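The sequence and the model are shown first.

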Amino acid sequence: MERPAPTNSSTQGGKGGRGRSGGKGAGVGGGRGGYPRAVEGLIEAFSSLPGIGRRSAERLALHVLKSPVDEAMVLANAIGQVKTSVVHCSICYGLADGDPCEICVDDRRDRGQVLVVEQPRDMIALEATGMYRGLYHVLMGRISPLEGIGPDDVTIQGLLDRVGEPEKNAGGERVREVILGLNPTVEGDGTAMYLAERLKGLGNQGGEGVGVSRLARGLPTGWQLEYANKAVLADALEGRRSMGGMDDV
Ligand SMILES: [Zn+2]
């Protein structure tokens with residue numbers, strides 16, 4: 001009780017800083033303990049983030065400690081903001097500032113086309129190409145029996161609803177085509193097959209079925225054939241495209 005509790009004291013931070021720049025004493029990698037409790041708490045919080053180990057967490061925490069208060073508060077507020085103001089669009093489940101999201105609200109987009117992806121970041125990557133003018137549907141995962149993730153644990157029902165009942169799609173428009181943009185993994189493929197099957201059953205209600213396609217796969221641009229593995233080469237062969245003289249291969 002008598003000892004100073006230097007949780008946020010700047011003098012403590014200053015001393016620590018000098019100690020480090022002097023290159024002696026408790027180094028950053030010098031092991032656990034020794035930090036004031038609040039700093040230790042921040043280190044632990046950072047190290048719970050994906051891809052951040054103990055040492056990086058220490059570096060980040062000490063950086064925050066050194067930063068001016070307003071700069072550190074920008075980080076703290078940004079974390080608060082992201083948890084309070086970002087929502088999932090109720091139509092496509094993409095991340096958005098409002099519901100529905102900007103993409104679903106945009107009536108210049110082709111609302112008859114829905115591209116299904118696993119994660120919001122896939123949608124962001126596809127948007128960045130500027131090549132796609134339809135809508136999305138974010139599954140928020142994929143079916144993975146090994147991890148106990150079933151169809152009800154992702155947003156498959158939302159997709160089936162959009163396709164089956166046009167009023168649940170953006171603008172009340174009928175979905176003509178579902179493009180499966182899942183990752184080319186065992187689980188992604190399994191999920192795609194499951195979706196194709198479920199969508200087939202749905203499409204005939206209005207007399208016209210829904211088309212189901214999937215993104216092309218095979219050799220990445222800039223790749224060299226000799227380094228591609230068997231699965232990639234098999235995909236590339238299967239997905240080959242005519243360059244003239246043949247209608248369909
Ligand atoms: Zn949306």
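Which residue in E4 does Val 114 stand opposite? Val 114 stands opposite Leu 135 in E4. The model is a predicted one: local features need pLDDT of at least 70, side-chain atom pairs count only at pLDDT 80 or more, and totals for chains, interfaces and linings use all residues. Numbering starts from 1 along each chain, as its sequence is written.

**Confidence and overall content**

The chain has a mean pLDDT of 85, with 84% of its residues at 70 or more; pLDDT is the predictor's confidence in each residue, on a scale from 0 to 100. Confidence is lowest in helix H1 (residues 10–21), where the mean is 41, and highest in E4, at 98. Over residues 1–31 the pLDDT is below 50, and this stretch has 17 contacts in the model beyond near neighbours in sequence. Two residues are in contact if their C-beta atoms, placed from the backbone, lie within 7 Å.

Nine helices and six strands make up the secondary structure of the chain. These are DSSP runs numbered from the N terminus, helices (H or I) having at least four residues and strands (E) at least two. Of the 249 residues, 19% count as buried. A residue is buried if 20 or more other C-beta atoms lie within 10 Å of its own, exposed if 12 or fewer, and partly exposed in between, with C-beta atoms placed from the backbone. Among contacts between residues at least 6 apart in sequence, 48% join residues at least 24 apart.

**The sheet**

Four strands form an open sheet in the order E4-E3-E5-E6, with parallel pairing. Strand E4 (134–138) and E6 are at the edges with a single partner strand each, so one side of each has no neighbour in the sheet. On average, neighbouring strands of this sheet are turned by 25 degrees against each other, direction ignored. Two strands pair if DSSP finds at least two bridges between them.

| Strand pair | Bridges | Sense |
|---|---|---|
| E3 and E4 | five bridges | parallel |
| E3 (residues 110–117) and E5 | four bridges | parallel |
| E5 and E6 (residues 211–214) | four bridges | parallel |

Val 114 also stands opposite Val 178 in E5, and Ile 179 stands opposite Ser 213 in E6. In a regular strand the side chains alternate between the two faces of the sheet.

**Helix pairs**

Two packed helices are described by the angle between their axes and the distance between the axes. Axes are lines fitted to C-alpha atoms, for helices over the stretch in contact, and angles run from 0 to 180 degrees between N-to-C directions.

Helix H2 (residues 37–47) packs on helix H3 (residues 54–66) at an angle of about 130 degrees, their axes being 8 Å apart. This makes H2 oblique to H3. Angles under 35 degrees count as roughly parallel, over 145 as roughly antiparallel, 65 to 115 as roughly perpendicular and the rest as oblique. Residues in the contact include Leu 42 and Phe 46 of H2 and Leu 60 and Val 64 of H3.

The axes of H7 (residues 156–164) and H8 (residues 186–202) come within 10 Å and cross at roughly 30 degrees. H7 and H8 are therefore roughly parallel to each other. Ile 156, Leu 160, Val 163 and Gly 164 in H7 meet Leu 195, Arg 198, Leu 199 and Leu 202 in H8.
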